[in-house]
Amino acid sequence: MKKNNKNDTSNCIALGLALGLVFGSAFHYPGMGLVFGLCFGTIIGQSLERKNRKKRKIIWTRRINKYWDAVLKQNKIQLRTFFHKDAYIRWHCTNEHFTVDEFIQANCDYPGQWDGHIERTEYLHDLIITVVH
(Lines give C-alpha, C1' and ligand atoms only; values in the text may rest on other atoms or scores of the structure.)
Protein backbone atom coordinates (compact mmCIF):
# COMPACT_ATOMS: atom_id res chain seq x y z
CA MET A 1 0.00 0.00 0.00
CA LYS A 2 1.12 3.55 -0.67
CA LYS A 3 2.27 5.65 2.24
CA ASN A 4 -0.21 8.40 3.24
CA ASN A 5 -3.01 6.81 1.21
CA LYS A 6 -6.31 8.48 2.11
CA ASN A 7 -8.33 5.32 1.52
CA ASP A 8 -6.78 2.68 3.76
CA THR A 9 -10.09 0.88 4.37
CA SER A 10 -10.75 0.04 0.70
CA ASN A 11 -7.16 -1.11 0.20
CA CYS A 12 -7.34 -3.33 3.27
CA ILE A 13 -10.73 -4.72 2.23
CA ALA A 14 -9.34 -5.60 -1.20
CA LEU A 15 -6.27 -7.20 0.35
CA GLY A 16 -8.42 -9.02 2.92
CA LEU A 17 -10.75 -10.34 0.23
CA ALA A 18 -7.84 -11.60 -1.86
CA LEU A 19 -6.18 -13.30 1.12
CA GLY A 20 -9.53 -14.65 2.33
CA LEU A 21 -10.29 -16.12 -1.09
CA VAL A 22 -6.87 -17.81 -1.20
CA PHE A 23 -7.29 -19.05 2.38
CA GLY A 24 -10.87 -20.25 1.76
CA SER A 25 -9.95 -21.97 -1.50
CA ALA A 26 -7.11 -23.82 0.18
CA PHE A 27 -9.64 -25.31 2.59
CA HIS A 28 -12.39 -25.69 -0.07
CA TYR A 29 -14.53 -22.92 1.46
CA PRO A 30 -14.01 -19.85 -0.80
CA GLY A 31 -17.23 -18.19 0.43
CA MET A 32 -16.15 -18.43 4.06
CA GLY A 33 -12.73 -17.14 3.09
CA LEU A 34 -14.31 -14.07 1.44
CA VAL A 35 -16.38 -13.34 4.56
CA PHE A 36 -13.31 -13.73 6.76
CA GLY A 37 -11.26 -11.53 4.41
CA LEU A 38 -13.94 -8.82 4.29
CA CYS A 39 -14.14 -8.65 8.07
CA PHE A 40 -10.37 -8.70 8.47
CA GLY A 41 -9.85 -6.02 5.81
CA THR A 42 -12.51 -3.71 7.26
CA ILE A 43 -11.17 -3.95 10.81
CA ILE A 44 -7.55 -3.35 9.81
CA GLY A 45 -8.50 -0.53 7.38
CA GLN A 46 -10.59 1.31 9.97
CA SER A 47 -7.81 0.96 12.51
CA LEU A 48 -5.27 2.44 10.07
CA GLU A 49 -7.59 5.34 9.21
CA ARG A 50 -8.11 6.19 12.90
CA LYS A 51 -4.36 6.09 13.47
CA ASN A 52 -3.72 8.36 10.46
CA ARG A 53 -6.43 10.82 11.57
CA LYS A 54 -4.83 11.11 15.01
CA LYS A 55 -1.40 11.63 13.45
CA ARG A 56 -2.70 14.37 11.10
CA LYS A 57 -4.46 16.09 14.00
CA ILE A 58 -1.23 16.17 16.03
CA ILE A 59 0.71 17.60 13.06
CA TRP A 60 -1.92 20.29 12.40
CA THR A 61 -2.19 21.18 16.10
CA ARG A 62 1.55 21.84 16.20
CA ARG A 63 1.35 23.94 13.02
CA ILE A 64 -1.58 25.97 14.37
CA ASN A 65 0.29 26.63 17.62
CA LYS A 66 3.33 27.82 15.65
CA TYR A 67 1.13 30.10 13.53
CA TRP A 68 -0.51 31.77 16.51
CA ASP A 69 2.86 32.08 18.24
CA ALA A 70 4.20 33.95 15.17
CA VAL A 71 1.12 36.22 15.17
CA LEU A 72 1.39 37.03 18.87
CA LYS A 73 5.15 37.66 18.63
CA GLN A 74 4.56 39.76 15.50
CA ASN A 75 7.27 37.76 13.71
CA LYS A 76 7.05 38.88 10.07
CA ILE A 77 9.50 36.31 8.70
CA GLN A 78 7.95 33.31 10.39
CA LEU A 79 4.40 34.49 9.71
CA ARG A 80 5.06 34.66 5.97
CA THR A 81 5.95 30.93 5.91
CA PHE A 82 2.32 30.01 6.66
CA PHE A 83 0.91 31.53 3.47
CA HIS A 84 1.10 30.87 -0.26
CA LYS A 85 2.51 33.94 -2.01
CA ASP A 86 -0.80 34.56 -3.82
CA ALA A 87 -3.04 33.96 -0.79
CA TYR A 88 -5.60 36.44 0.38
CA ILE A 89 -7.01 36.82 3.85
CA ARG A 90 -10.52 37.92 4.73
CA TRP A 91 -11.62 39.36 8.03
CA HIS A 92 -15.33 38.67 7.78
CA CYS A 93 -16.26 40.60 10.93
CA THR A 94 -14.90 43.86 9.43
CA ASN A 95 -15.40 42.96 5.74
CA GLU A 96 -11.69 43.57 5.03
CA HIS A 97 -9.64 41.74 2.39
CA PHE A 98 -5.82 41.52 2.55
CA THR A 99 -2.93 40.22 0.50
CA VAL A 100 -0.26 38.37 2.49
CA ASP A 101 1.91 41.51 2.68
CA GLU A 102 -1.03 43.64 3.84
CA PHE A 103 -2.05 41.03 6.41
CA ILE A 104 1.47 40.82 7.83
CA GLN A 105 1.72 44.60 7.95
CA ALA A 106 -1.65 44.89 9.71
CA ASN A 107 -0.61 42.31 12.31
CA CYS A 108 3.06 43.10 12.79
CA ASP A 109 3.06 46.89 12.60
CA TYR A 110 0.17 47.24 15.03
CA PRO A 111 1.51 49.17 18.04
CA GLY A 112 2.26 47.51 21.37
CA GLN A 113 2.87 43.98 22.52
CA TRP A 114 0.25 41.31 21.93
CA ASP A 115 -0.76 38.57 24.26
CA GLY A 116 -3.23 35.76 23.86
CA HIS A 117 -3.85 32.05 23.83
CA ILE A 118 -5.77 29.43 21.90
CA GLU A 119 -9.02 28.77 23.74
CA ARG A 120 -10.32 26.03 21.48
CA THR A 121 -9.54 24.19 18.25
CA GLU A 122 -12.21 22.35 16.27
CA TYR A 123 -11.51 19.87 13.47
CA LEU A 124 -14.17 19.05 10.88
CA HIS A 125 -12.88 16.99 7.95
CA ASP A 126 -10.47 19.38 6.14
CA LEU A 127 -11.63 22.48 8.08
CA ILE A 128 -9.84 23.69 11.21
CA ILE A 129 -11.29 26.48 13.35
CA THR A 130 -9.43 28.11 16.22
CA VAL A 131 -10.87 30.36 18.88
CA VAL A 132 -8.13 32.67 20.13
CA HIS A 133 -8.29 35.30 22.86
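Predicted model: local features only at pLDDT ≥ 70, side-chain atom pairs only at ≥ 80, totals over all residues.
Residues are numbered from 1 along each chain as its sequence is written, and side-chain values use heavy atoms, with hydrogens and water left out.

So what does Asp 109 pair up with in a salt bridge? Its partner is Lys 76, at 3.1 Å from N to O. By salt bridge I mean a side-chain nitrogen of Lys or Arg within 4 Å of a carboxyl oxygen of Asp or Glu. Asp 109 sits in the loop between helix H4 (100-108) and strand E3 (118-124), while Lys 76 is in helix H3 (residues 76-80), so this pair ties together parts that are 33 residues apart in sequence. Lys 76 is partly exposed too, with 40% relative accessibility.

How many salt bridges does the structure hold? Five. Another one joins Asp 101 and Arg 80, at 2.7 Å from N to O. Asp 101 belongs to helix H4 and Arg 80 to helix H3, so here the linked parts are 21 residues apart in sequence. Asp 101, at 48% relative accessibility, is partly exposed, and so is Arg 80, at 40%. Then there's Lys 85 with Asp 86, where the closest N and O atoms are 3.5 Å apart. Both Lys 85 and Asp 86 are exposed.

Let's zoom out. The protein chain has four helices and four strands; these are DSSP runs numbered from the N terminus, helices being H or I with at least four residues, strands E with at least two. Along the sequence the pattern reads α-α-α-β-β-α-β-β. Of the 133 residues in the chain, 20% are buried.

Now the inside. Which residues make up the largest nonpolar core? There are 11 in all, including Tyr 67, Leu 79, Phe 82, Ile 89 and Phe 103. A core here is a set of buried Ala, Val, Leu, Ile, Met, Phe, Trp, Tyr and Cys residues joined through side-chain atoms within 4.5 Å. H2 and H4 are the elements that give two or more residues to this core, and H4 supplies the largest share, four residues.

Last stop: two spots in the backbone. Gln 74 isn't a glycine, yet its phi is positive, near 55°. Where is Gln 74? In the loop between H2 and H3. Gln 74 is buried, with a relative accessible area of 16%. Asn 95 isn't a glycine either, and has a positive phi of about 60°. You'll find Asn 95 in the loop between strand E1 (88-91) and strand E2 (96-99). Buried or exposed, this Asn 95? Exposed, with a relative accessible area of 72%.

Notes. Buried < 20%, exposed > 50% of the residue type's maximum accessible area, 1.4 Å probe, protein only.
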